[in-house]
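The notes follow the order of the look-ups.

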Amino acid sequence: PMFLPCANEALAEAALLAECARHPKVFGNPDYVFSYQLATGKIARGFLVITLPAFAIAMMLSPRHAMTVLKELPHLDLKKFYPSVHPDLALKAWRKAADQAEIAPRWRELGDKFIGDHAKATAGQKPSILTGPMFSHLIGNLVLRDIDAQLSGLNGVKYFRYVDDITLVGR
C-alpha cells in the first residue's frame with residue numbers, strides 16, 4: 001500500500017520539521033550521521049538536507065592515519081528499518097527529544113499525532129512508522145541515537161551512519 005498525505009498533513013509535517021530545526025542541539029545529527037539532517041536558515045529550500053554517504057565518509061577520514069574498512073564487518077544494513085520501528089518506540093524517542101528541546105505542546109502533540117497516524121496506517125500488519133515521510137526520517141535518527149552513541153565511542157574505530165546503513169572504519 002502507498003499512503004499519501006493530504007495538503008494539510010504535508011504542510012503540518014513541514015512546519016513541525018521547521019520547528020525541530022530551531023533546536024539543532026536536540027534534533028540535529030551528530031557529525032558521523034549523514035542522513036536527513038534538518039535544514040537550517042542557511043538552506044534556501046526544503047526541510048531536509050540529503051548527503052551522499054560515501055563522499056561524506058571519505059571527507060571524514062584523516063589521510064594521516066592508515067584506516068581501512070574492517071574486512072569482517074565493512075557495512076551493516078538494518079533491513080526493513082522503518083517497518084521495524086514500533087510506534088511505541090517512536091513515541092518514546094520523539095517525546096524524549098521534545099522534552100529536551102522544550103518545544104511547545106502543540107508541536108509535541110503534532111508529532112504524537114503523526115506517530116499515531118503511522119500506527120493506524122499499519123494496523124492489520126506489524127505496527128510501525130511509515131517508510132518515506134519526512135517525519136519518519138527524523139524519528140529514525142532519534143530512535144538510533146543510543147546505538148550511534150555506543151558505536152561512535154568504540155576505541156580505534158570510526159563510525160558512520162547513513163539512514164540504516166552503518167559503516168565501521170578502523171585499523
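I took buried to mean under 20% relative accessible area. I note at the outset that the model is predicted.

Entry 1, helix α6. I located α6 at residues 105-121, a helix of 17 residues. I read its reach from first C-alpha to last as 24 Å, close to the 24 Å expected at 1.5 Å a residue. Which residues of α6 are buried? I listed W107, L110, G111, D112, F114, I115, H118 and A121. I then looked up what covers these buried residues and found that the cover includes α1 (7-21), α5 (87-101) and α7 (134-143).

I recorded 15 residues for α1 and a reach of 21 Å from its first C-alpha to its last, close to the 21 Å expected at 1.5 Å a residue. I found E13, A14, L16, L17, E19, C20 and A21 buried in α1. I noted that these residues pack against α2 (24-27), β1 (37-38), α5, α6 and α7.

I placed R161 in strand β5, residues 157-162. Is R161 buried or exposed? I assigned R161 as buried because its relative accessible area is 2%, which is under the 20% cut-off. I found a polar contact of 3.1 Å between the side chains of R161 and N141. Leaving aside neighbours within four places in sequence, I listed the contacts of R161 as Y32, V33, F34, S35, N141, L144, D148 and I166.

Notes: Residues are numbered from 1 along each chain as its sequence is written. This is a predicted model: local features need pLDDT of at least 70, side-chain atom pairs count only at pLDDT 80 or more; totals for chains, interfaces and linings use all residues. Side-chain values use heavy atoms; hydrogens and water are left out. Helices (H or I, at least four residues) and strands (E, at least two) are DSSP runs, numbered from the N terminus. The expected span of a helix is 1.5 Å times one less than its number of residues. Buried means under 20% relative accessible area, exposed over 50%, partly exposed in between (1.4 Å probe, protein chains only). Contact means heavy atoms within 4.5 Å. A polar contact is a pair of N or O atoms within 3.5 Å; within protein, one must be able to donate a hydrogen and the other to accept it, and residues adjacent in sequence count only if both atoms are side-chain atoms.
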